[in-house]
Amino acid sequence: MAFSRRNFLKYAAMSAGGAAIVDTPFFSARARAEAEGGTARYVPTSCEMCFWKCGVIAKVQKNKDGVDEVVKLEGNPLHPQSLGKLCARGQAGIGQLYDPDRLKRPMIRTGERGDGKYKEVSWEEALSYTAENLKKIIEKHGPHSIAMFSHGSPGDYFTNLLSALGSGNISFPSFSQCKGIRDATWELTFGHKPATSCERVDMRNSRVIVLFGTHLGENMHNSQNQEFSQAVGNGAKIICVDPRYSTAASKASMWLPIKPGTDTALLLTWINILISEDLYDKAYIEQYATGFDQLKEAVKEYTPEWCAKETDLPEANIVEAARELGRYAPSVMIHPGRHVSWYGNDTQRVRAMAIINALLGSWGRKGGLYLPPKGKFPSYNDGAPEYPIPDEDPVIKGNYPFAGGEGLTQVVRDVTITSDPYPIKAWIIAGTDLLKALPAPARTREAISKLDFMIAVDIMPAETVMMADVILPECTYLERHDGLFKIETRESGVSLRQPAIEPMYDTKPAWWIASELCKKMGLDDYAVKDSWEERMKRQAKAWNVSWETLADKGYVSIPDSAAPYITPENQPVFKTPSGKIELYSSKLEEKHFDPIPKYEPTEQPGEGMYRLVYGRSPVHTFSRTINTPFLWELMKENELWLNKKEADRLGVKHGQRVRLENQDKVVSAPMLVKATERIRRDCVYMVHGFGHNSPRLSKAHHSGVDDQELITHYKVDPICGGTGMRVNFVKIIKEA
Amino acid sequence: MELSITGANAITYPVMHVWDWRVAVYLFLGGMSGGLMSMSAINYIRSKKGPVDSACSWQIPVMAPIILAIGLFFLNLDLSRPFHAFWFYLAFKPVSPMSWGAWLVLAIFPLMILYALSALPNAVKAKIKHAGLRGFADKMQPHLLKLAKANFLAGILLAIYTGILLSSLVARPLWNSAILPILFLCSGMSAGAAVMIMVAKTKETKLFFTKVDIWLIIAELTILLLFFYGHYTGDAAHRQAIMPFFSTSHDFFPYFLSIVIIGVALPLAIVLKFLEVTGEHTDELTASGLMLMNASAVLVLIGSAIIRFAMVYAGQLSGYGGYM
Amino acid sequence: MPRYVMVIDQSRCIGCMACVAACKRENNVPMEHFRTRVVEMVRGEFPQLRTEMRSELCNHCDHAPCVSICPTGASHKQKDGTVQINRKKCVGCKACIAACPYDVRYIHPEHGWADKCSFCQHRLKEGKEPACVATCIGRSRMFGDLDDPNSEVSHLLRENSWRVLKPEVGTQPHVYYINQFPRKS
Ligand SMILES: Nc1nc2c(c(=O)[nH]1)N[C@H]1C(S)=C(S)[C@@H](COP(=O)(O)OP(=O)(O)OC[C@H]3O[C@@H](n4cnc5c(=O)[nH]c(N)nc54)[C@H](O)[C@@H]3O)O[C@H]1N2
Ligand SMILES: Nc1nc2c(c(=O)[nH]1)N[C@H]1C(S)=C(S)[C@@H](COP(=O)(O)OP(=O)(O)OC[C@H]3O[C@@H](n4cnc5c(=O)[nH]c(N)nc54)[C@H](O)[C@@H]3O)O[C@H]1N2
Ligand code: SF4
Ligand code: SF4
Ligand code: SF4
Ligand code: SF4
Ligand code: SF4
Ligand SMILES: [Mo]
């Protein structure tokens with residue numbers, strides 16, 4: 001048979017695992033531009049539409065005026081977090097870049113705080129004004145009276161500034177409002193977080209995946225969702241524990257619509273079943289864990305019968321789910337989740353999740369959780385001197401012994417209000433929307449009113465930003481350098497952010513802003529020496545990564561860093577006091593907390609009230625993208641998910657608008673009702689992030705309802721200090 | 001079922017609204033001008049001696065192209081790229097009724113004009129300023145009968161074509177029926193006859209077209225019934241398609257109303273016509289007789305217009321499957 | 001000549017809308033207009049529910065009513081099996097929109113021409129997959145040449161039972177759907 005060249009090419013493409021048409025194999029930005037005749041430029045960089053930081057390739061072309069324009073964003077096939085794909089938000093990043101509502105120039109407040117009156121000033125004026133005010137406050141109250149809140153890449157640069165000034169009051173909502181509890185708890189149990197930025201879940205090889213909340217599909221972290229879909233395609237059994245029929249539940253073989261707040265009961269019962277029915281991995285537990293006997297004893301009381309009553313789930317399903325886990329162990333997992341600050345007793349729930357994973361032997365096993373990659377990166381500070389030791393301890397941990405290093409935002413806020421133990425008089429807010437991120441926004445407003453000075457480094461005129469005394473506009477991620485980023489997936493790697501185009505308007509990268517402030521504050525040694533790009537080059541060298549390759553490919557993997565599974569040669573290391581998986585936590589015992597999780601019921605809604613729960617939309621990131629034109633058009637407002645039978649009972653129709661009133665008599669704006677079978681009768685649900693108050697956000701202003709305004713109440717986890725935010729109850733007011 | 005769609009276009013979701021009153025007006029006027037062509041031709045042909053009624057024998061042929069032109073004006077208003085309309089005539093697409101329509105109109109227009117010119121009485125011709133045109137009209141006069149015959153056929157084509165366009169749209173079950181063109185033909189003809197009745201000067205002509213219209217209306221009502229019956233016994237999509245006409249729900253009330261009005265207007269017009277035809281007759285028209293005739297003619301026009309409007313709008317509600 | 005088809009594995013669609021956003025950016029689709037959409041249908045009563053997800057786009061029908069109705073030849077079928085619109089020739093009569101049983105067309109608000117999914121033919125010419133396929137997070141959308149028996153799509157259509165949308169209209173679509181519901185193992 002003649003073997004033509006045409007056929008050969010087809011076979012070649014086939015054996016590469018795809019159709020005859022494949023996306024242009026991406027070897028490098030330069031090669032791709034050349035292959036296409038040089039009409040477009042390609043810039044590998046990293047997405048910042050959310051914090052997954054996918055590898056992006058920006059296509060840049062000259063527009064008819066000869067100006068560079070970003071025309072398309074695509075996933076970098078070499079980057080393990082994007083694998084050639086971008087989610088809707090990543091695709092729509094151009095919308096953020098060209099959003100006409102962006103902050104365009106530095107501004108100084110001229111009116112009352114919050115009334116939105118500002119004058120545009122030069123960078124020189126804005127920075128001098130900022131430095132002057134900071135100096136005044138430091139003189140009077142000391143450097144620790146300056147606090148910083150951040151989320152995302154600007155954080156690093158301002159952390160440097162604060163540390164150089166001698167303040168340790170640095171906090172991130174990604175700890176106490178998000179995954180802090182999870183990370184701290186898994187460290188107690190396994191001596192490791194279950195993730196650095198990526199959860200180390202080996203879903204593509206799993207046989208059973210259990211999701212507590214964790215609404216994959218709506219919670220859109222790119223590669224994780226790709227793997228979830230792959231698992232669904234492989235026929236993995238998905239068990240979804242969620243009071244709401246989420247997208248993930250729609251893919252599940254078993255949906256367990258649990259009574260909100262009772263998850264720990266289910267988990268402890270499963271532990272009991274696994275142990276009493278001998279379904280756990282005995283050898284694994286013997287080899288790697290301590291405290292099994294105490295655990296076995298402690299969970300005896302949690303019977304399926306009791307659990308069924310407590311959780312409002314069918315007893316048969318409870319038992320069946322546990323047996324499925326046992327049957328397919330260790331290629332199974334209880335997904336560790338991400339946003340876990342739910343009820344104020346979350347540490348123990350997350351502990352129970354970690355413990356089940358241990359019993360099933362899934363840590364370090366194929367289809368379970370893979371091990372952290374090898375390949376360590378030395379810390380790099382570009383020759384800056386050591387930071388001074390702050391004269392006052394930071395307040396950021398409060399009285400929570402296991403609050404991690406990221407700081408408790410609500411504690412900083414409380415101290416700002418009370419000045420106890422010392423006054424906090426200035427806030428630097430860089431890339432976080434505090435009024436939306438922290439529960440009880442009234443307290444955030446109160447704290448802000450106590451400040452002498454507030455600085456916002458942001459890209460959009462959100463409400464929080466428009467409370468600041470000085471606004472320092474950052475350019476968007478497509479216009480700046482950031483990084484280098486350590487990427488830890490199955491392997492270690494390095495990625496970067498580099499500008500696709502020059503900054504539009506009079507905006508600057510956060511590294512520059514923070515560095516200029518260092519200089520103005522007389523901290524030249526901590527400022528960036530030349531440019532961030534040069535610094536990145538030096539860092540790349542220190543990490544033994546070729547800068548040219550990195551800048552051309554966007555991602556460089558560290559050779560031989562992948563060692564995902566336990567083998568005789570590749571033994572796991574548990575950085576706990578005992579060096580083992582601590583089913584019984586000695587550290588918790590030391591601090592007088594339950595060393596083994598105990599079930600503690602949560603308060604349930606009273607007559608006529610519904611628990612308010614919230615989550616994500618795949619097309620938005622919190623509040624930050626609501627105004628992004630191409631995403632706003634996909635989802636303009638959030639709806640209130642209300643059980644259909646409850647809606648009928650209340651005489652509320654699908655598509656009607658209602659208001660919500662919470663237990664503290666806070667009333668929401670009117671919102672659309674989604675009357676649905678997809679949620680339990682005792683709770684209502686909405687997507688978080690909507691209901692912007694800033695009129696400068698022309699699209700997002702007043703579209704939808706802000707869950708946070710209704711979250712006036714929060715319950716702090718006594719162990720890690722996370723703020724449980726699903727402890728608010730609302731009733732439905734029809735008149736609207 | 002709970003349905004959510006992200007990325008639907010407003011022009012097709014939740015219901016299609018591609019065409020509006022402009023197209024309905026075009027279909028009505030197009031059908032009517034076809035009716036006028038045929039009816040005026042009949043008026044001429046039925047009397048070998050010459051025009052039975054001098055007024056309607058030349059005014060109607062003049063009116064027909066004007067009405068068609070007005071109709072086409074509305075159609076053009078509906079085009080979202082009217083300045084590209086010349087592309088209609090740079091292509092002939094044998095399976096596209098739209099293309100046929102465009103060419104048909106192009107062929108019919110001269111025919112209508114020639115017919116109108118040839119039918120002009122001398123007194124009217126005398127008023128034409130342009131000598132060449134006057135001479136041309138004179139030259140055409142001998143061909144009047146041939147032109148009338150041609151116009152009769154062309155009128156039928158024109159009237160039926162408006163229905164063929166819609167009926168060829170397989171995606172819209174309400175329209176997708178071979179009966180629809182016949183319905184439109186019939187209603188166009190009956191509208192034409194109604195206009196004849198109103199414009200005619202002599203009682204004889206009026207009565208003649210009244211009789212013609214009676215048969216046309218009876219046919220129209222029968223065809224309408226068959227149309228609905230055909231849909232009712234058709235597949236689910238066809239059955240669903242006619243439901244708006246038989247539902248009093250808020251959303252569909254206009255369609256229900258349209259059927260009620262047609263159901264009242266057309267029979268009432270017949271009754272009035274019967275009264276007139278069977279009534280006592282003198283040579284002169286009595287004032288009340290005239291009123292009866294005109295009133296019934298107006299009812300017919302209303303019925304005919306409503307049929308077009310109702311079909312254009314209701315057809316766009318219909319479709320296959322939807323989201324199942 | 002290739003015969004381009006799309007195969008959509010519904011069980012793998014997670015309703016993330018990446019395809020919708022990618023298509024819009026790739027093809028500069030005007031605000032509030034779409035060439036592709038994602039449909040989510042949930043049936044049943046709490047807690048016994050079942051969901052069907054599917055993305056929809058132009059089916060590039062073999063018997064395309066939009067092509068046969070078009071008076072100017074603007075809408076036409078190409079040899080590669082795709083249905084395309086020659087914008088120059090379009091008069092904006094909207095007949096094709098009314099004719100399409102799948103409601104996938106719209107009128108460009110600025111230019112007035114009819115528009116719809118092109119199977120990203122400009123990308124195909126460069127040997128790239130359509131934008132929506134390239135970015136499909138669930139790998140629910142797959143694309144290829146049905147004339148090539150070794151292509152992934154050929155494999156999929158051989159090995160799976162498939163369906164097309166609204167077969168009763170007789171349009172013979174080039175977009176095939178497999179695995180209407182996720183497997184419940
Ligand atoms: N598109 C998009 N994706 C995102 C983000 C985004 O903004 N946009 N943000 C990212 C970030 S930072 C985070 S932390 C994650 C958050 O995403 P996840 O970690 O998945 O958040 P959860 O709170 O676990 O999940 C919300 C789900 O929990 C359910 N739920 C509510 N109460 C209970 C309960 O008592 N028990 C159980 N079992 N379930 C309950 C809700 O119905 C909802 O379906 O998402 C990430 N992904
Ligand atoms: N009620 C309720 N509260 C919650 C949550 C919830 O689901 N419900 N989720 C919690 C979770 S999990 C988290 S992680 C937090 C997240 O809370 P945040 O981190 O505050 O959330 P974002 O919306 O990402 O904050 C973004 C701010 O950063 C700005 N920004 C965007 N890009 C850039 C940039 O490139 N540079 C700079 N300088 N600024 C930028 C945006 O304009 C916006 O003002 O919220 C928590 N709070
Ligand atoms: S998951 Fe989406 S938004 Fe987040 S970094 Fe990746 S592409 Fe960007
Ligand atoms: S789906 Fe519609 S627009 Fe596409 S080819 Fe078929 S009929 Fe034409
Ligand atoms: S709108 Fe354009 S493409 Fe559609 S049928 Fe008319 S001319 Fe053809
Ligand atoms: S093939 Fe191209 S044009 Fe068609 S839906 Fe996909 S991205 Fe849009
Ligand atoms: S990108 Fe893929 S998985 Fe996401 S909605 Fe579109 S078809 Fe579904
Ligand atoms: Mo988070």
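Chain A contains 25 helices and 27 strands, where helices (H or I, at least four residues) and strands (E, at least two) are DSSP runs numbered from the N terminus. The model described here is predicted: local features need pLDDT of at least 70, side-chain atom pairs count only at pLDDT 80 or more, and totals for chains, interfaces and linings use all residues. Residues are numbered from 1 along each chain as its sequence is written, chains are lettered from A and ligands numbered from 1 in the order in which they are written, and side-chain values use heavy atoms, with hydrogens and water left out.

The C-alpha trace of chain A spans about 80 × 70 × 55 Å along its principal axes. Of the 736 residues of chain A, 65% are buried, meaning under 20% relative accessible area (1.4 Å probe, protein chains only).

Turning to chain C, the mean pLDDT (the predictor's confidence in each residue, from 0 to 100) is 96, and 99% of the residues of chain C reach 70 or more. For the complex, the predictor gives an ipTM of 0.95 and a pTM of 0.95.

Ligand 6 is surrounded by residues of chain C, among them Cys23(C), Arg35(C), Cys117(C), Cys120(C) and Cys132(C), each with a heavy atom within 4 Å of the ligand.

Note on methods:
Buried means under 20% relative accessible area, exposed over 50%, partly exposed in between (1.4 Å probe, protein chains only).
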